[in-house]
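Colleague: I have a few questions about this model. Could we go through it together?

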Amino acid sequence: MGRAEMVVGPSEKAVTVVAYHLNDAINWWDDVNKSADGQNLIFHVLAILYGVVAFVALVQLIRIQMRVPEYGWTTQKVFHFLNFFVNGVRSLVFTFRRDVQKLQPEIVQHIMLDMPSLAFFTTYALLVLFWAEIYYQARAVSTDGLRPSFFTINGVVYAIQIILWLIMWWKPIRVLVILSKMFFAGVSLFAALGFLLYGGRLFLMLQRFPVESRGRRKKLQEVGYVTTICFSCFLIRCVMMCFNAFDKAADLDVLDHPILNLIYYLLVEILPSSLVLFILRKLPPKRGITQYHPIH
């Protein structure tokens with residue numbers, strides 16, 4: 001009687017190969033995370049990407065100002081200025097990421113990393129406000145309460161976050177850090193729902209316009225794309241903030257998670273900002289600017 005030989009089937013070989021490559025990927029991930037050179041490279045890549053987006057936003061702001069110098073700080077101008085500010089600050093933070101990590105007291109680190117996120121929220125909440133005004137004006141509904149609501153909501157968000165920072169400075173305990181991250185997760189969810197509500201309403205309203213309406217198709221695409229992008233980025237930020245709050249492996253505020261930082265900031269800020277700036281790149285007309293709203 002001959003010896004029995006074990007026969008390895010194709011499926012088992014495939015599983016072995018996948019497991020081998022997965023193990024390699026995990027090892028590579030850990031190697032980069034633990035490498036000072038790998039960390040510096042990724043942080044500098046993020047700094048460059050944010051710098052490019054900030055430059056594009058600034059160029060667009062200058063172009064708009066040259067196109068309609070007679071108008072003051074319109075919604076469009078403020079939107080591009082805030083994009084320039086947010087991405088410019090992020091670029092500086094990642095350029096000096098190691099120095100930021102050494103700042104004392106520790107609350108200063110939280111402020112440097114979290115303040116641009118708050119400004120990002122304000123930037124895109126401004127877009128929701130703009131769409132809400134268009135929607136209600138088209139339905140002949142008063143928009144008098146929209147801007148005070150916008151400033152009130154932003155004021156409350158900033159006030160709560162500042163109070164949390166002050167408490168964390170006075171008593172830096174883990175539960176306050178978790179509370180701060182969960183608060184921002186809630187803010188991000190609120191922003192996502194705002195885009196879904198007013199972007200969706202505006203999209204449905206434009207769909208009801210006559211097919212031959214001038215610019216209807218282009219506006220439909222613009223609103224549809226921006227709504228999808230912004231809803232997705234704020235929803236991803238909300239989910240990631242929840243993981244960030246409770247799972248140390250998902251902590252974004254440390255030096256040894258550079259790959260996670262790269263993926264996170266690409267998905268929730270750099271890519272959305274780049275796409276939205278590209279979609280909204282059209283300059284306003286020189287005369288008859290009915291869609292423009294100066295901010296007082």
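Predicted model: local features only at pLDDT ≥ 70, side-chain atom pairs only at ≥ 80, totals over all residues.

Colleague: Which residue does E222 meet in a salt bridge?

Modeller: Its partner is K219, with 3.3 Å from N to O. Both residues belong to helix α8 (residues 216–246) and stand three residues apart, about one turn of the helix.

Colleague: And K219, buried or exposed, or in between?

Modeller: K219 is partly exposed, because its relative accessibility is 42%.

Colleague: How many salt bridges are there in total?

Modeller: The count is four. One of them joins E269 to R90, with the closest N and O atoms 2.9 Å apart. That pair connects distant parts of the chain, E269 lying in helix α9 and R90 in helix α3 (residues 75–95), 179 residues apart.

Colleague: Why does E269 count as buried?

Modeller: E269 counts as buried because its relative accessibility is 1%, under the 20% cut-off. R90 is buried as well, at 0%. R90, R237 and E269 are linked in a network of salt bridges.

Colleague: Turning to α9 itself, where is its kink centred?

Modeller: The kink, of about 55°, is centred on L266. Helix α9 covers residues 258–279 and reaches 29 Å from its first C-alpha to its last, close to the expected 32 Å.

Colleague: What about the overall fold: how many helices and strands?

Modeller: The protein has nine helices and zero strands. Of its 296 residues, 44% are buried. Among contacts between residues at least 6 apart in sequence, 77% join residues at least 24 apart.

Methods:
Residues numbered from 1 in each chain as written. Heavy atoms only, no water. Helix = DSSP H or I, 4+ residues; strand = E, 2+ residues; numbered from the N terminus. Expected span 1.5 Å × (residues − 1). Bend = angle between axes of the 7 residues up to and from the residue. Buried < 20%, exposed > 50% of the residue type's maximum accessible area, 1.4 Å probe, protein only. Contact = heavy atoms within 4.5 Å. Salt bridge = Lys/Arg side-chain N within 4 Å of Asp/Glu carboxyl O.
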